[in-house]
Amino acid sequence: MAVTIYTVAERAGVSISTVSLAINHPERVNEATRRRIVKVAGELGYRPSGGAADRARGSMGRIAVVAPFTSYPSYGLRLGGVLGAAAESGIDVIVHDLASAAASSSPLLDALPVRGSLDGIIIMGLPLSRGGIELLQAWGPPIVLVDTQEHEFSSVLLDDERGGYLVGRHLVDRGHTQIAFVHEAQRSFQYVSAGMLRLSGLKRALDEAGQLDGLMVVESPDGSVEAGRLAGGQATGVSAVFANHDQLAAGVLTGLRDRGLDVPRDVALVGFDDGPLAQGLELTTVRQPFNESGRVAAQLLISRIEKPGQSLQRVTLSPELVERRSTSPR
């Protein structure tokens, strides 16, 4: 007998609407209840709305892409790569936006807001809980992760630690000894974020140069331009600022100018991403191959859909430092 939402609700001792919320809007269900529902659903092998393996209809059909799109515009650039690869294979793409993991005290996903007949899922920048991994495995469709990794799934990663190291070497080579790193305050440390890896790379470069004592870490409330502006006001006594991403760097630039400081004459500034914003601001930054990462993720997923027994793959892309006016020689 097929497992239904009614079965899960009865076994978990909750209403059908609560099960639906736990799957489609997990942030609206308290953590204990959500975990109980996820555990029961995983044990029963529940697959929402018929599940994702319904391929007998004669085509691959559709995939879902889940990411914090509104929190980080860069994920829209990754999505472009996914859409291009999917279009070549005649696959429909369904997009789901979730909140940034950095802004959540419970950042590990227990369930996804996806349902219907799906052939695969791409999850970008959102770490999974053990219960979430087990539920996805029981559900059935292949999964590809971008910007996070779990040994149960294929993944596409950027070498963020290397990116932070490149920035550190760049600033050290230009004579900077007092450097601030600006990033979003992370409410939970249940996972290793890209920002933590970038900071680790920066520290390695400064340590090699004997300048680790000159590092200042400034936390902003979020990744917005306004939060960056406030952080720019706090980064005092430094000759260079490295922001976790370009949007934050744009705010830091405004904050430095509010203090009457010139970039790069008084303070050098580096971002991370290299989207249109960095180009417009002439910002030195670390280039991420956004389109490529989305395209590779889609290709890995399509390959696993076509050949389910295929081995899992890990693809690590290399960052590139792009030097512009914001760190010109002092």
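# Cores, cavities and loops in a predicted model

Trainee: Which residues touch the most other members in the largest nonpolar core?
Mentor: Of the 40 residues in that core, Val82, Ile122, Met124 and Val156 touch the most other members, and please keep in mind throughout that this is a predicted model.

Trainee: And which helix gives the most to this core?
Mentor: That is helix α11, residues 290–306, which gives seven residues. Apart from this core lies another one, of 18 residues, among them Ala235, Val241, Val252 and Leu269.

Trainee: Back to Met124, what does it touch?
Mentor: Not counting residues up to four places away in sequence, Met124 touches Val65, Val66, Ala67, Pro68, Tyr75, Arg78, Leu79, Val82 and Val146.

Trainee: OK, now cavities. How many are there of 30 Å³ or more?
Mentor: The count comes to five cavities of 30 Å³ or more, and the largest cavity has a volume of about 420 Å³. Its lining is made up of 26 residues, of which Tyr72, Tyr75, Ser193, Ala194 and Gly195 lie nearest its centre.

Trainee: Which element gives the most to that lining?
Mentor: Helix α7 does, with four residues, while α4 (74–88), β6 (179–184) and α7 each supply at least two. By class, the lining of the largest cavity divides into nine nonpolar, eleven polar and six charged residues.

Trainee: What about the second largest pocket, what is its volume?
Mentor: The second largest pocket has a volume of about 320 Å³, and of the 21 residues that line it, Asp147, Thr148, Gln149, Leu157 and Val192 are the closest to its centre. Strand β5 (154–158) and the helices α6 (160–173) and α7 (194–208) each supply at least two residues of this lining, which by class has eleven nonpolar, five polar and five charged residues.

Trainee: Where does Asp147 lie?
Mentor: Asp147 lies in the loop between β4 (143–146) and β5, and its phi is near 75°, a positive value in a residue other than glycine. Asp147 counts as partly exposed, because its relative accessibility is 22%.

Trainee: Which loop is Glu282 in?
Mentor: Glu282 lies in the loop between α10 (276–280) and β10 (285–287), with a positive phi near 55°, and at 43% relative accessibility Glu282 counts as partly exposed.

Trainee: Switching to Asp160, is that one buried or exposed?
Mentor: Asp160, which lies in helix α6, counts as buried because its relative accessibility is 6%, and the cut-off for buried is under 20%. Leaving aside its neighbours within four places in sequence, Asp160 is in contact with Ala194, Leu197, Arg198 and Phe272.

Trainee: Last topics. What are the buried residues of helix α1?
Mentor: In α1, residues 5–12, they are Ile5, Val8, Ala9 and Ala12. Seen down the axis of α1, these buried residues fall within an arc of 100°, so they line one face of the helix. On the other side of α1, Tyr6, Glu10 and Arg11 are exposed.

Trainee: What covers the buried residues there?
Mentor: The cover over the buried residues of α1 includes α2 (16–24) and α3 (31–44). Helix α1 is followed by Gly13, which has a positive phi, near 70°.

Trainee: And which peptide bond is cis?
Mentor: The bond from Val263 to Pro264 is cis, with omega near 10°, and Pro264 is placed in the loop between α9 (246–258) and β9 (268–270).

Notes
Residues are numbered from 1 along each chain as its sequence is written. This is a predicted model: local features need pLDDT of at least 70, side-chain atom pairs count only at pLDDT 80 or more; totals for chains, interfaces and linings use all residues. Side-chain values use heavy atoms; hydrogens and water are left out. On a 1 Å grid over the protein atoms alone, a cavity is a set of points where a 1.4 Å probe fits but cannot get out, and a pocket is an open set with protein on both sides within 12 Å along at least five of seven lines; lining residues have an atom within 4 Å of a point. Grid points are joined across faces, edges and corners, and a volume is the space filled by probe spheres set on the points. Ala, Val, Leu, Ile, Met, Phe, Trp, Tyr, Cys and Pro count as nonpolar, Asp, Glu, Lys and Arg as charged, and the others, Gly among them, as polar. Buried means under 20% relative accessible area, exposed over 50%, partly exposed in between (1.4 Å probe, protein chains only). The arc is that of the directions from the helix axis to the C-beta atoms. Contact means heavy atoms within 4.5 Å. A nonpolar core is a set of buried Ala, Val, Leu, Ile, Met, Phe, Trp, Tyr and Cys residues joined through side-chain atoms within 4.5 Å.
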